[in-house]
Amino acid sequence: MGSVHVGERALVLGGSIAGLFAGQALAEAYREVVVVDRDRPTAATGTRRATPQAFHAHALLARGQRAIEDLFPGITQECQAAGVPTGDVGADLRWVINGRRLPPMRTGLVCLATPRTVLEQHVRARVLALPNVTLREGHEVQELVTTPDGRRVTGARLFDLVGGESRVLPADLVVEATGRGSRLPLWLAGLGYRPPAEERIKIGLGYATRHYRLPLGLLGTDLAYIVAQTPSHPRGAVLARERALPDGGERYVLSLNAHLGDHPPTDPDGFLAYARTVPVPEIYEAVRGAEPLDEIRSYRFPSSLWRHYERLTRFPDGLLVMGDALASPNPVYAQGNTITAVEALVLRGQLRRGGEPRPVEFFAEAAPIVRAAWDVNVFGDLAYPGIPGRRTPKTRLASAYLSHVHRAAVHDPAVAESFLRVAGLIDGPQALLGPRMVARVLRRSRRPGPRPTPAAIHS
């Protein structure tokens with residue numbers, strides 16, 4: 001289905017995943033779409049300075065895979081053809097919670113286990129192949145440009161970092177997608193608008209990651225071990241296949257992580273010692289004598305952040321916000337790219353209904369998407385006594401119930417599948433709250449569960 005013609009030019013601030021998703025949605029409705037980035041992403045061959053998180057383990061949630069496939073038909077098959085591991089979320093991933101493995105089950109939900117850099121490269125190639133989309137690299141956004149009364153954004157002032165020149169680029173619509181460090185709250189204040197309220201959860205998350213050459217078939221046909229962090233087992237890990245290596249073996253990524261400042265070391269001995277404390281000893285055994293392919297890198301994420309633009313009663317026309325500039329949740333839940341892809345579908349849907357997208361309507365329609373993910377963050381993160389935050393009776397009850405779900409899921413494939421569907425943002429949290437499911441969870445959570453066995457990693 002195509003969109004009606006809405007305007008002459010749309011300007012997207014930020015050329016990473018959020019900006020590219022926005023560009024794809026806008027290209028149907030605007031004669032010209034210009035994506036601006038201060039970096040030079042087309043020249044990058046690895047992790048860019050602007051996206052240091054891309055070095056660490058990534059995968060798309062099930063809803064994210066569906067949304068990206070909707071935005072870019074055939075991209076899942078394209079990634080598969082390029083060697084990206086793909087499989088069933090329940091059958092081909094080894095989930096470990098509280099040191100116990102969930103039973104394998106076929107869910108019909110697709111996991112696209114693509115590194116962030118690879119996904120961005122495929123998406124960028126698709127977007128820049130559109131005849132009406134251009135990317136202006138090496139340009140910094142200095143300020144928004146508005147009508148004299150400030151009620152409408154009419155473009156942005158850009159500074160050419162190479163040429164040293166500043167000029168205004170007019171636009172019918174501006175989409176702010178510069179990420180977590182967005183300056184939009186300051187720009188709004190300067191224009192006489194109230195900045196959005198910010199909701200934060202201070203989690204003190206830290207990652208450390210290294211890539212290894214490991215034997216072919218180390219996990220059989222499975223894609224990864226995913227060791228979830230919980231209050232009883234606070235150190236998490238992802239050991240995931242990335243691709244076959246031309247000179248033998250496979251490239252694997254190992255990311256270690258924990259909240260509250262318990263960060264993995266970046267020296268080789270300390271990194272391995274930390275890996276040994278993760279409640280799946282097979283991970284340490286797999287990498288302790290393996291060939292490393294790079295140095296260990298760390299990443300710090302101090303707090304989850306949601307800027308509540310949907311609560312503002314005044315906001316300039318001709319301006320939208322997407323991606324981490326809107327909400328930047330805890331990355332251990334792998335929600336960021338999924339939220340952004342669904343936001344792009346919201347934008348596309350509004351454009352297809354005809355007329356310019358209205359900020360109030362866009363934020364109102366995007367808010368439930370963010371809320372579903374944010375609740376997962378709140379209920380999971382505030383279960384840690386050391387993470388500060390207001391714990392309402394509802395929050396305490398939900399966090400306690402979530403711990404029962406974790407325990408029940410290791411026994412009951414039906415509970416495990418429902419949990420994975422909620423974690424993957426396919427279903428809302430209410431899917432775990434029906435009377436029959438609650439009874440099932442409480443009954444099954446009383447039993448101890450099986451632990452992973454050392455032989456399992458080579459099955």
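Me: In which sense do strands E4 and E5 pair?
Reply: This is a predicted model, in which local features need pLDDT of at least 70, side-chain atom pairs count only at pLDDT 80 or more, and totals for chains, interfaces and linings use all residues. Residues are numbered from 1 along each chain as its sequence is written, and side-chain values use heavy atoms, leaving out hydrogens and water. Strands (E, at least two residues) and helices (H or I, at least four) are DSSP runs numbered from the N terminus, and two strands pair if DSSP finds at least two bridges between them. Two bridges join E4 to E5 (residues 100-101), and the sense of this pairing is antiparallel.

Me: Which residue of E5 stands opposite isoleucine 97, and which residue of the hairpin takes a positive phi?
Reply: The residue opposite isoleucine 97 is arginine 100. The hairpin of E4 and E5 has two residues between the strands, and a positive phi near 55° is taken by asparagine 98.

Me: Which residue of E13 is the bridge partner of tryptophan 95?
Reply: E4 also joins strand E13 (residues 224-227) through four bridges, and these two strands run parallel. Within E13, the partner of tryptophan 95 is isoleucine 226.

Me: How many residues of strand E4 are buried?
Reply: Buried means under 20% relative accessible area, exposed means over 50%, and partly exposed lies in between (1.4 Å probe, protein chains only). Leu93, Trp95 and Ile97 point one way from E4, while Arg94 and Val96 point the other way, and all are buried. Strand E4 (residues 93-97) is therefore largely enclosed by the rest of the structure, the number of its buried residues being five of the five.

Me: Which residue's side chain is joined to that of glutamate 356 by a polar contact?
Reply: Glutamate 356 is in the loop between helix H8 (336-352) and helix H9 (359-381), and is partly exposed, with a relative accessible area of 27%. A polar contact is a pair of N or O atoms within 3.5 Å; within protein, one must be able to donate a hydrogen and the other to accept it, and residues adjacent in sequence count only if both atoms are side-chain atoms. At 2.5 Å, such a contact joins the side chain of glutamate 356 to that of arginine 152.
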